[in-house]
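Let's take a walk through this model together. Please keep the sequence and the 3D view open side by side as you read.

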Amino acid sequence: MGVLFVLLILVSGFLVCHYHPQYFFKLHRYEGQYLYLQAAYLGILCLISAAIFHVLLINLSAIPVFEGVRTLGIDYVDLLARYLPDSLGLTEGDKKRYALLGVIALTTLLMPLLISKWVYWRLKHYLQLDSDEEVDIVIMSELFSDSPLDQLLFSAMINDRNLMLVLDDRKVYVGRVATMGEPNENEGADQEISFLPFVSGYRDKDTLQVMFTTDYKKVGDNLPLVIRQESIVSAREFDFSVYDTFQETGRPSAGLATT
């Protein structure tokens, strides 16, 4: 019985990490014993919450506000206890206890989903958002604040801003971030990006000036380019009006970008 409850605690805790948005987007940061401890902590909270819920429900008539109301808990506990076979050799009291443990265990497994739904509802109501996807974006923006590059890429994606990316092979792209990678159990959302380039070129190895060689609008190529973030050497906002000004004045293209 003890092993089953330990397994119940770990499973429910992991489900919280999987469904709760604020834990799921950080799940890739948990490793080894820290993941087990985090899952155990959240699972214990689910178990305690489920136990308190059923204890209150069973003893509802003992609460002054509900005085005179029929005790609700006896109905469903007794009903489940009747389905336990007599071949188990359990007394009526044992059957009720096992039935109660069963409903507590089931509620513990349902707690992660209920908590997740409540968190999404609370954040949408508090932040005045319309969908769960918008809640995910808000939570991800908080996580990306840990890294200047992540924050810049995410802000550019949300606000449709142009960026100039310089890669480790001196390749230069100007365009917009279409999407960022979806987080999972092993990796965060900052592993790779889908980038829609407008123009591309290279940085001269001697003068470090940026030379553009391809205009994707002219060649009719609007396909996104997948770039690993670890390949990005530098990134900054790009303003085409400033670029045109530099072109008209004949100044070198090293000063194309502006913040």
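**Ground rules and confidence**

This is a predicted model, in which local features need pLDDT of at least 70 and side-chain atom pairs count only at pLDDT 80 or more, while totals for chains, interfaces and linings use all residues. Residues are numbered from 1 along each chain as its sequence is written, and side-chain values use heavy atoms, with hydrogens and water left out.

The predictor's confidence in each residue is given as pLDDT, from 0 to 100. Its mean over the chain is 76, and 71% of the residues reach 70 or more. Among the elements, strand 1 has the highest mean pLDDT (92) and helix 4 (residues 73-82) the lowest (62). Two stretches call for some caution. Over residues 68-74 pLDDT stays under 50, and the model has 8 contacts beyond four places in sequence for them; a contact here means heavy atoms within 4.5 Å. Over residues 252-259 pLDDT also stays under 50, and there the model has 25 contacts beyond four places in sequence.

**The chain as a whole**

The chain has 9 helices and 6 strands. These are DSSP runs numbered from the N terminus, with at least four residues of H or I for a helix and at least two of E for a strand. Of the 259 residues, 34% count as buried; buried means under 20% relative accessible area, exposed over 50%, and partly exposed in between, with a 1.4 Å probe and protein chains only. The chain exposes about 15,900 Å², and carbon and sulfur atoms supply 58% of that area, by the Shrake-Rupley method with a 1.4 Å probe. Among contacts between residues at least 6 apart in sequence, 56% join residues at least 24 apart.

The buried residues in helix 1 include L8, I9, S12, G13, V16 and C17. An α-helix has 3.6 residues a turn, so residues three or four places apart point the same way.

**The strands**

Two strands pair if DSSP finds at least two bridges between them.

| Pair | Direction | Bridges |
|---|---|---|
| Strand 1 and strand 2 | antiparallel | 4 bridges |
| Strand 2 and strand 3 | antiparallel | 9 bridges |
| Strand 3 and strand 4 (residues 210-215) | antiparallel | 5 bridges |

Within these pairs, L165 stands opposite Y173 in strand 2, R176 has L196 in strand 3 as its bridge partner, and Y202 has M211 in strand 4.

Strand 1 and strand 2 form a hairpin with 3 residues between them, and R170 in the turn has a positive phi of about 70°. R170 is partly exposed, with a relative accessible area of 37%. The hairpin of strand 3 and strand 4 has 6 residues between the strands, and L208 takes a positive phi near 65° there. D160, in the loop between helix 7 and strand 1, also has a positive phi, near 55°. At 48% relative accessibility, D160 counts as partly exposed. For background, most residues other than glycine have a negative phi.

**The cores**

A nonpolar core is a set of buried Ala, Val, Leu, Ile, Met, Phe, Trp, Tyr and Cys residues joined through side-chain atoms within 4.5 Å. The largest has 24 residues, and those with the most contacts inside it are L153, L165, V177, I193, F195 and I227. Elements that give two or more residues to this core include helix 5 (92-127), helix 6 (132-144), strand 2 (171-180) and strand 3 (192-203). Another core, of 7 residues, lies apart from it, and V172, V174, V199 and V210 are among its members.

What surrounds F195? Leaving aside neighbours within four places in sequence, the contacts of F195 include L163, L165, Y173, V177, P224 and I227.

S194 is found in strand 3 and counts as buried, at 12% relative accessibility. S194 and V177 are 17 residues apart in sequence and 6.1 Å apart in space, C-alpha to C-alpha. Beyond four places in sequence, S194 is in contact with R176, V177, A178, T179, P224 and L225.
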